[in-house]
Amino acid sequence: MTEFTFLPPLLLTIGGLIIGALLKSLLRHTRIPYTVGLFAVGLLLGLINRYGFFDFLPSLSDAVRSVADINPDLILYLFLPILIFDAAYELNLHIFRKTLANATLLVVPGLVICMFLTAALLMGIGTVFPAYSSWTWTCALMFGALISATDPVAVVALLHELKTSKRFSTLVDAESLLNDGTGIVCFMLFFGALTSPEYHNTSPLLEFIKVISLSSVIGFIMARLVIWFITRVNSQEMIQNSVIILSAYATFIHAQYYLGVSGVIALVVFGLTITYTGKPRFKPQVNEFMEQFWELLTYIANTLIFIIVGIVIAEKVNVTWKTIGILMLLYLGLNLIRFVMIMLLYPVLKRIGYGLTRRESVILTWGGLRGALGMVLALIVSYTPEIPEDIRHQTLFFTAGIVTLTLTINATTMRWLLTRLGLVHTSSARQQLEYRIHHSLYKESEAYYHSLQNLNALQGSNWKKVHTYLIDDEAEPESHPKEPAMVTELRLRVLDREKSTCNALYNDGIISESAFRRLMNSLDELYDHDGSYPLDERNSIFHFCEQVNVLHHMRGFPIIQHWISYYFKERITVIYDLGRGFILLQRTNLDLLDEISQSGLVSEKQTAVFYILRKEIHHNIQRMEEFLEQLATDFPRAYRHALTLKAIRMVLSHEKITVQNMADNGILTEKEAESLIQNITDRADEVNSFSHTIPASILRWMFFFHKRKEWL
């Protein structure tokens, strides 16, 4: 009978995913982090097998033992690309750009400070405790690099759940994403010094600069090639998704294995470039599938990594009360080191980007959790024979212990700390709106419940039991918001509606990719101010449109006018498309205000807020309509071209909606609908594939010199 040696690990992997699914369901109503539960399950499995309780099942025992002997390179090349690309793909890029300076400060000088202080702490422990005297500065710096990289997945999820500042949660996430790269680069420098003799002759600083720069170039080039290929080759969504997924792995493997630089840095740059440049150009179905696919892969990777680490620790590491005491000392020291690092950088952090408050700096300190990356690197160390055996075991034990302690202590107490510091705050206006929405739902449910009691078909129902499933009414908040607070809250709701409408317009092909991106950027700029800025503060949109004013001075020359109308017609088309899309969004905003006004969500005493908001929206519409009227007068040929493209997109959009409705009604089969929609998409791509235009930078420079002349 053929022996399938791969079957035990495969069955254990399937079993691990089943355990993960059950555990996630059991822990969803508790404050215990999911990854901590997985790690505990792995420890339990490893301990049971270590003490021979699985001997009656040789296949299961062999499976657990094979996991304990797993090649760490498999984890590095299989799981790490998933975690890195998913984090980069899901970032809010507008906020990320604003927090980039803060995050860079934390992940370069900040990580280096933590690395050296951690190494000094380990060397101090080695001086006091003889069992740790074999630690050298190179080993200590290697450990400092791998343990200093944060992985605050649980903290970021909590920040989103409690609706704290999005800019702050993005800073935490951005630090994690970037210091994965710098952490692994620093780790590889000292790991290489221990395992490869040639590393002794290289400068760590020059090696660091070379690795960072080459890795960034590789990631950027790969991303641009992928974007070029997908946007030029009109193929099915499945093929486009396959190209992105395979390219992510190819980028990591090519940089890490073949070129000997940082696959993490290359993948971070690859992911950010795909997200910023490629995401708006891809089909909506591609983006939707990618988000769901990478979320699933990340869940699988985290589930398997923490179970594997638990098994490896239980099988390989000997734990005593003394080692637990040293671990607790190291845990306290690492938290203190992170606090010292943030305090050293705080004078700069509070002045750049979005800034950083003292209370946020406390959360940033306590939220420095350790996770999957540190565990992967520790596993690599534990299987490297060139490193002394006691260093290998201690590195693995310390890393697993720190990961466990930060997840069980820091993550579970974060909610209490956020509340204690007053960072979880709901404005009185939001409380009032949420109460009125809840109360409206309660009244609607009660009315429907009573109407059901009069139906003959439902006579004999246990109405008392049915009533227990109705939503409960809540007490009205005692605080009554003032008019400015209500205006601020309603502005945010208007922006939310505008954002969702903008996505729908783009997905339906009503606005172009360029118009979509600029409209979304203007929304992000207003979000930065949390509703304090008026809705007609759209400087970025009107500044972009007004760049075409520099061409007005050339209208008196027929030849130049013809040249302008031909070579700048695509630019004028973008401006027209942006303007019409902007007006359409403002009109949906007015519809939303009418809906809120008629729903009674705002008290009669505060109806003046609608006048303020409508005035801001009407100002947007009036300003843009006047600009478009001037555009039609000054550039009739280009304006007609813009109208033609708009009409084509609307015809194709209507055709697509018609096909989808016919498919929903059963007139067309799914395959027939897919074929027709693909044909519509091909025709839409043809519309955008031929353009005779001048680079936008030329127009910007012309506009700049024109403005400079006015200033002088």
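Begin by selecting asparagine 49, which lies in helix α2 (residues 34–50); helices here are DSSP runs of H or I with at least four residues, numbered from the N terminus. This is a predicted model, in which local features need pLDDT of at least 70 and side-chain atom pairs count only at pLDDT 80 or more, while totals for chains, interfaces and linings use all residues. Residues are numbered from 1 along each chain as its sequence is written, and side-chain values use heavy atoms, with hydrogens and water left out.

Asparagine 49 has a relative accessible area of 4% and is therefore buried, a term that means under 20% with a 1.4 Å probe and protein chains only. Show next the residues that asparagine 49 touches beyond four places in sequence, namely Phe54, Ser61, Val64, Arg65 and Glu315, where contact means heavy atoms within 4.5 Å.

Now select the largest nonpolar core, of 142 residues, in which Phe85, Trp135 and Phe398 touch the most other members; such a core is a set of buried Ala, Val, Leu, Ile, Met, Phe, Trp, Tyr and Cys residues joined through side-chain atoms within 4.5 Å. Helix α14 (residues 284–316) gives the most to this core, with 14 residues.

Centre the view on tryptophan 135, whose contacts, leaving aside neighbours within four places in sequence, are Leu122, Met123, Ala140, Phe143, Ile391, Gln394, Thr395 and Phe398. Another core, of 51 residues, lies apart from the largest one, and among its members are Leu505, Ile511, Phe516 and Val548.

Definitions and conventions: Buried < 20%, exposed > 50% of the residue type's maximum accessible area, 1.4 Å probe, protein only. Helix = DSSP H or I, 4+ residues; strand = E, 2+ residues; numbered from the N terminus.
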